[in-house]
Amino acid sequence: MEYSYIMRKLIILASLLFSTAVYGQAACSDAVKTHEEIAKKYGEKPFFDMHEQQTRQLILYMNPETGTWTVFAYKPELNQLCAVTAGDGFKPAASRFDPSL
């Protein structure tokens with residue numbers, strides 16, 4: 001496995017383990033800089049926005065060619081993105097349950 005991929009996963013895991021809430025003490029940074037960095041390093045771009053029961057906005061970034069993805073919580077009042085989780089193997093969930101898809 002690529003060193004930067006492993007380090008990315010460790011950083012995200014550490015931010016989750018040491019935070020009491022997803023963006024209580026999670027790894028957060030300037031939204032524009034984070035957006036540019038993840039696009040440059042991993043080729044991931046915003047795929048869709050989700051609103052979690054009116055408490056926070058989550059944004060899924062993904063790279064359709066490699067299948068990597070990252071979920072960020074967005075803090076609009078500070079214009080920050082906070083890493084929530086990341087992984088690879090992105091594909092439609094329906095294919096797991098319905099082989100005809």
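Helices (H or I, at least four residues) and strands (E, at least two) are DSSP runs, numbered from the N terminus. With that settled, I looked up the overall fold: the chain has three helices and five strands, in the order α-β-α-β-β-β-β-α along the sequence.

I noted that this is a predicted model, in which local features need pLDDT of at least 70 and side-chain atom pairs count only at pLDDT 80 or more, while totals for chains, interfaces and linings use all residues. Residues are numbered from 1 along each chain as its sequence is written, and side-chain values use heavy atoms, with hydrogens and water left out.

I then looked up burial, where buried means under 20% relative accessible area, exposed over 50%, and partly exposed in between (1.4 Å probe, protein chains only). Of the 101 residues in the chain, 33% count as buried.

Thr34 counts as buried because its relative accessibility is 11%. Its side chain reaches the backbone oxygen of Asp30 at 2.9 Å. For contacts (heavy atoms within 4.5 Å), I found that Thr34 touches Ser29, Phe72 and Leu81, leaving aside residues up to four places away in sequence. Across the chain, residues 24 or more positions apart account for 42% of the contacts with a separation of 6 or more.

My last entry concerns Phe47, which is placed in strand 2 (residues 45-52). Phe47 counts as partly exposed because its relative accessibility is 47%.

How values were computed
A polar contact is a pair of N or O atoms within 3.5 Å; within protein, one must be able to donate a hydrogen and the other to accept it, and residues adjacent in sequence count only if both atoms are side-chain atoms.
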